[in-house]
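Notebook open, model loaded. I went through the strands and helices one group at a time and wrote down what I looked up.

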Amino acid sequence: MMSGFSRSYAVGLLAGATLLTTAACGSGSAETAAGGRPEVVAAFYPLQWLTEQVGGSDAHVTVLTAPGVEPHDLELSIQQVTEIQKAALTVYIKGVQPAVDDAVDADKSFDAATAVTTLPASGHEEGEEEHGHEVSYDPHLWLDPTRLATIAAKLGERLAAADPAHAQAYKDRAAKTAGALGTLDQEFAKGLSTCRTKSLVTAHEAFGYLADRYKLKQVGITLDPETEPSPARISEVAKLAKAEGVTTIFTESLVSPKVAEVLANEVGAKTAVLDPLESRPSGDYLSAMRDNLKTLQTALGCTA
Ligand SMILES: [Zn+2]
């Protein structure tokens with residue numbers, strides 16, 4: 001925590017110093033870090049990974065959400081707000097983090113949700129508090145590799161515009177990243193093609209795009225990991241899970257597995273961790289998604 005704080009503070013100071021220098025020289029529009037690289041701020045992990053892949057050594061990428069922090073409830077420090085204001089570009093997804101939505105400048109930000117076709121937020125109990133998801137679409141779009149590939153291409157264009165001297169390098173890395181995501185997509189399509197059940201029961205309803213892409217059926221207990229579902233909702237999902245022959249209830253590492261465990265007990269199922277990648281995994285986006293694929297194949301009884 002301390003190191004994260006002082007690092008973003010130092011970045012703020014550096015960017016401030018550069019601002020004075022650039023102003024004195026009367027040149028340059030985008031803010032630059034030491035070494036002349038544009039400062040690019042990513043809101044949370046999957047966007048950080050993507051921005052690092054596409055930015056390469058030409059951009060200086062920082063992230064607003066520290067590892068292990070649940071991103072939906074992120075609050076920004078004054079230093080982080082300054083960091084966003086001074087950055088050449090902030091990469092975010094509107095609807096994931098209200099604090100970031102409020103802090104970004106429309107001209108110097110890239111809302112990844114604008115680059116892809118979004119899915120509507122799925123139905124929830126009437127009156128349920130949907131804190132952190134105050135948009136009409138489901139914001140968890142990084143869990144479909146093909147949508148993330150589309151976002152990579154668009155991000156390449158945005159970085160090229162922010163730093164024209166390295167435009168081709170950004171576009172080349174974007175194409176390479178999109179290619180790696182395309183390979184991942186093929187692995188998922190093949191790995192999930194023949195399964196005993198297609199029902200994906202999750203504690204936190206984050207896998208709508210993955211389900212959409214690979215023809216699975218997501219049954220979420222709650223969209224918001226901070227909200228306790230009602231007993232009525234739990235028994236409703238339990239009934240569904242039994243009817244669909246579900247043997248595994250998915251939970252995630254950042255959130256207490258209590259709700260999933262209660263449900264698993266009621267259904268006679270076990271629990272397994274499926275990572276919605278809202279925080280930095282032990283590997284990277286690609287390896288964590290491949291771990292998710294293995295977990296899904298086991299849980300859903302896939303034979304491919
Ligand atoms: Zn979420």
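I began with strand E1 (residues 39-42), which runs parallel to E3 and is joined to it by 3 bridges. I took two strands as paired if DSSP finds at least two bridges between them. Helices (H or I, at least four residues) and strands (E, at least two) are DSSP runs, numbered from the N terminus. This is a predicted model, where local features need pLDDT of at least 70, side-chain atom pairs count only at pLDDT 80 or more, and totals for chains, interfaces and linings use all residues. Residues are numbered from 1 along each chain as its sequence is written, and side-chain values use heavy atoms, with hydrogens and water left out.

**E3 and its partners.** I looked up the bridge partner of Val41 in E3 and got Thr90. Thr90 also stands opposite Ser109 in E4. I then followed the chain from E3 through helix H4 (residues 98-103) to E4, and this β-α-β crossover is right-handed (with the strands pointing away from the viewer, the path from the first strand over the helix to the second runs clockwise). E3 and strand E4 (residues 109-111) run parallel, with 3 bridges between them.

Is E3 (residues 89-92) covered on one face or both? Both: Leu89 and Val91 are buried on one side, Thr90 and Tyr92 on the other. Buried here means under 20% relative accessible area, with a 1.4 Å probe and protein chains only.

**Glu83.** I found Glu83 in helix H3 (residues 78-86). Glu83 has a relative accessible area of 7%, so I put it down as buried. I also checked Glu83 against Glu39, 44 residues apart along the chain: their C-alpha atoms are separated by 8.7 Å.

**H2.** Helix H2 (residues 45-55) is mostly covered, with 9 of its 11 residues buried. Among the buried ones I noted Tyr45, Trp49 and Val54. I asked what the buried residues of H2 pack against. The list is E1, strand E2 (60-63), E3, H5, H6 and helix H10 (285-300), where contact means heavy atoms within 4.5 Å. Just after H2, Gly56 takes a positive phi of about 50°.

**H5 and H6.** The axes of helix H5 (residues 145-162) and helix H6 (residues 167-191) come within 8 Å and cross at roughly 175°. Axes are lines fitted to C-alpha atoms, for helices over the stretch in contact, and angles run from 0 to 180 degrees between N-to-C directions. H5 and H6 are therefore roughly antiparallel, a label for angles over 145 degrees. Residues that meet include Ala149, Ala152 and Gly156 in H5, and Tyr170, Ala174 and Leu181 in H6. By class, I have 13 nonpolar, 3 polar and 2 charged residues in the contact of H5 with H6 (Ala, Val, Leu, Ile, Met, Phe, Trp, Tyr, Cys and Pro count as nonpolar, Asp, Glu, Lys and Arg as charged, and the others, Gly among them, as polar).

**The open sheet.** In what order do the 4 strands of the open sheet come? I read E6-E5-E7-E8, with parallel pairing. Strand E6 (217-222) and strand E8 (270-273) are the edges, each pairing on one side only. Neighbouring strands of this sheet are turned by 30° against each other on average, direction ignored.

Strand E5 (residues 199-204) is joined to E6 by 5 bridges, and Val201 stands opposite Val219 in E6. Helix H8 (residues 231-243) lies across E5 and E6, at about 155° to E6. Helix H9 (residues 258-267) lies across E5, E6, strand E7 (248-251) and E8, running at about 175° to E7.

Notes. Parallel < 35°, antiparallel > 145°, perpendicular 65-115°, else oblique. Buried < 20%, exposed > 50% of the residue type's maximum accessible area, 1.4 Å probe, protein only.
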